[in-house]
Amino acid sequence: MKIETKKINEVSVVELFDRVDASSSNNLKEMIQGMIDKNEVNLLINLENVSFIDSSGLGTLITCLKSINKAGGHLKIAQPCSNVKSVFDMTRMDRVFEIFDSDEAALKSFGPEAN
Amino acid sequence: MKTKKFGLIIDSRLEDIHKVSTAVNNFCSQLPLNSEEIFGIELCITEAVVNSIKHAYGNTPGNHVEVELKVYPEYLRIKVLDKGLSMSPLQLEEVCEPFVEVESDGVGGVPTTGRGLMIIANIMDDVSYYTKDESNALIMIKNIRLDREIIT
């Protein structure tokens, strides 16, 4: 899984590519923990280029969400394709994560202090 | 008449999961299935194989996980086979356990694991599991509508 990051004001945007699954998701967990250690706790994870996610990948995102919340931050999801979004829906994780159709809408939801 | 089928054996390493996904995706792409159906089949097979690697073999490489997919006119029959520890009979019945009420428990109470079987049960039309001759088999049935001839 390829990961790209950029900073937009106070929000760290993490763009994931290809697959978020059992074999690739540990890298993501370590990277997010590194960001938390640097006090980067407002995270937007963009899934636009992710074509596949399984329950292990979802579990990793839940672990990251818990860590971010514990650190006083926010983790939001943007632009999952319909197949990836269906995995959030069928496991009811659409109730756990804030999921947005666009980066703009997600960034706006962090509030004026982060923008 | 011969039933169209697909088979693959991988080593019990999570790093090899992509081999299964790629092969299943390629095989299913030759069938008259839409992208949503192919995604669901690939996802369920991935979940079943990961389950075998993690739980039956305890993440120990050097064991085999076998995947077999047979195409019938009205359904797909998928079998994932391992020779590791068997699943408890209750596990298949408890697939809905991770459905927690977030409002009452908060995010902290949301489990990070245990959704694989739930996903399989959600997508597949029938799921069964048996152990015979030291082999564990997860059988998944997906009803499909085939608009063209696929039996060769």
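Predicted model: local features only at pLDDT ≥ 70, side-chain atom pairs only at ≥ 80, totals over all residues.
Read along its sequence, chain A follows the pattern β-β-α-β-α-β-α-β-α, which comes to 4 helices and 5 strands. Taken along the principal axes, the box that the C-alpha atoms of chain A fill is roughly 35 × 25 × 25 Å.

The inside of chain A can be described in two further ways. Of its 115 residues, 45% count as buried, a residue being called buried if 20 or more other C-beta atoms lie within 10 Å of its own. Among the contacts in chain A with a separation of 6 or more, 73% are accounted for by residues 24 or more positions apart.

Chain A also touches chain B, and the contact takes 21 residues from chain A and 23 residues from chain B. On the side of chain A that touches chain B, the elements that give two or more residues are α2 (55-70) and α3 (82-90) of chain A, and the largest share, 9 residues, comes from α2(A). Sorted by class, this side of chain A has 8 nonpolar, 8 polar and 5 charged residues.

Turning to chain B, how do helix α1 (residues 17-29) and helix α2 (residues 35-56) of that chain pack, and at what angle? Their axes are 9 Å apart and the angle is about 150 degrees, which makes α1(B) roughly antiparallel to α2(B), since angles over 145 degrees count as such. The crossing of α1(B) and α2(B) is right-handed. Where the two helices meet, α1(B) brings B:I17, B:V20, B:S21, B:V24, B:N25, B:C28 and B:S29, while α2(B) brings B:I38, B:I41, B:E42, B:I45, B:T46, B:V49 and B:V50. By class, this contact has 9 nonpolar, 4 polar and 1 charged residues. An α-helix has 3.6 residues a turn, so residues three or four places apart point the same way.

The buried residues of α5(B) are B:G116, B:L117, B:M118, B:I119 and B:I120, together with B:I123.

Methods
Residues numbered from 1 in each chain as written. Chains lettered and ligands numbered in written order. Contact = placed C-beta atoms within 7 Å. Nonpolar A, V, L, I, M, F, W, Y, C, P; charged D, E, K, R; others polar. Buried ≥ 20, exposed ≤ 12 C-beta atoms within 10 Å, placed from the backbone. Axes fitted to C-alpha atoms, helices over the stretch in contact; angles between N-to-C directions. Parallel < 35°, antiparallel > 145°, perpendicular 65-115°, else oblique. Left-handed = near helix turned anticlockwise from the far one by under 90°.
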